[in-house]
Amino acid sequence: MTGDCPFVITVASEKGGVGKTTIATNLAVYLKALREDLPVTIASFDNHFSVDNMFAIGGHRGSSVAGLFAGSPAGRLACLGEYGVQFLASDRQLTPPDEDSGHLAAALARSDLPGVLILDTRPIIDYFTRNALAAADLVLVPVKDRASLVNAASLQQALLGLGRDPARLWLIPSLIDGRLKLREDLGMAEFLSFSATERGYQVLETCISKSPKVEGLATSFSSRIYPVLTHARSTQVHRQFRQLADFVLARFDAVDRPLARTCRGGGDDTSLPAGRLRRLVRECPVCGRPSGGQEGYFFQDLRSRRKGFFHRECLDDLLAETEAAPLLPERGMLVFATDEEGQDGTCIAFRLHLLDEAGEEIACELLRVRAEGDWARLWQGATGRLPEELYRDHLTLMVGESEPAGLLADPGFGRFAAARRQALRTVLGKGGER
């Protein structure tokens, strides 16, 4: 995976004491143990130095996490630590270098850091947490009580404000005392899962239990912190972290396995930034034939960040079936957003949003199509997911670009990214109106 940007997992909570750092550090160890050939890196924007105390070998602390915001290549900052996990040293003096919430995402897109990057964040939505959210492929939010569940809404809103798909956010019940029963047959984990699902959140099937033995791993006469994998294998938490790591690896594989990892071969692609080549789909998702990007529509899937090109004739034939086709502007954006109502195993329901160059909506049309045929191939080819796996998905397409492939090169892609963010703010902002 040399030359790729990492799959980013952000562990976030606006409430302290929910097990955020315990999850981040132990997840790193379990991922490396389950898949030895997968590069795993961890960094923390908090100032408690738990990452350093678990992974630093001897007195060697490596390069500061501040380097991620100072233009240093992430792959050169990471230092090999205990358990085969790479880490970046924590820093008490982290200072925002600018007001750009996309700073980290842009830096990682240019980086040479492969594999998985886990980011542990502060219990506040500040500059560094917003950057971690904007860069995330997966956001894990530990919740241990009603207060932390309520606070999860702030993270969801932050993702929306950043133009990121809230479907990448998953809640995990954490520090659960199995002896505590709210009612006769209702424990805290069940209550949190039920309450979170009612609020529209995605919730992991597993939880992380409260364990005196695990808590003791961070409390000793030395500063060293030990992982569950090596020092608490006899606990229920060991099995739970294994389940959490399996979930994360499944998400990682869902993004990477279907993608064109050989996209560096041939053409002018070798001159493009490495991060632009990652998750590039070589074929038109509708017909499956190679697409060089010299004509047609450039697209990107919000959840997986897969990107590529539709042949113009393939997409135009599908759009001809819609009421929005005559309103297509010379330049603008199309956003396909799956609609939960009417979605089942035989049907894909989605809204077609048509926006002008300024990001103003021209038309919105609800479409219901069979879970097979050209529309189904479009969704599956562009997202890498089967029709039954679609959930709050958003495809963004650029309309009117004379040479779509130029968007992959600076400064073209920045133009697309800005237009996409504006379009998603418009579309996601309308979600509560329906």
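I count two strands as paired if DSSP finds at least two bridges between them. With that settled, I went through this predicted model and noted the following.

**Entry 1: β14 and β17.** I looked up strand β14 (residues 332–338) and found 6 bridges joining it to strand β17 (residues 394–399). The two strands run antiparallel.

**Entry 2: the whole sheet.** I then asked in what order the strands of the open sheet follow one another. I read off β13-β12-β17-β14-β15-β16, 6 strands with antiparallel pairing. At the edges I found β13 (307–310) and β16, each pairing on one side only. From one strand to the next the twist averages 25°.

**Entry 3: the β15–β16 hairpin.** I followed strand β15 (residues 347–356) into strand β16 (residues 361–370) and noted 9 bridges between them, with the strands antiparallel. Phe-350 stands opposite Leu-367 of β16. The hairpin has 4 residues between its strands, and I noted that Gly-359 takes a positive phi near 90°.

**Entry 4: helices on the sheet.** I checked which strands helix α12 (residues 312–319) lies across. They are β12 (297–301), β13, β14, β15 and β17, and the helix runs at about 75° to β12. I repeated the check for helix α13 (residues 374–383), which lies across β12, β13, β14, β15, β16 and β17. Against β14 I noted an angle of about 100° for α13.

**Entry 5: Val-11.** I moved to strand β1 (residues 7–11), where Val-11 is found.

**Entry 6: Gln-156.** I located Gln-156 in helix α6 (residues 146–161). I wanted to know why Gln-156 counts as buried. Its relative accessible area is 16%, and the cut-off for buried is under 20%. Not counting residues up to four places away in sequence, I found Gln-156 touching Pro-166, Leu-169, Tyr-201 and Arg-392.

Key: Residues are numbered from 1 along each chain as its sequence is written. This is a predicted model: local features need pLDDT of at least 70, side-chain atom pairs count only at pLDDT 80 or more; totals for chains, interfaces and linings use all residues. Side-chain values use heavy atoms; hydrogens and water are left out. Buried means under 20% relative accessible area, exposed over 50%, partly exposed in between (1.4 Å probe, protein chains only). Contact means heavy atoms within 4.5 Å. Axes are lines fitted to C-alpha atoms, for helices over the stretch in contact, and angles run from 0 to 180 degrees between N-to-C directions.
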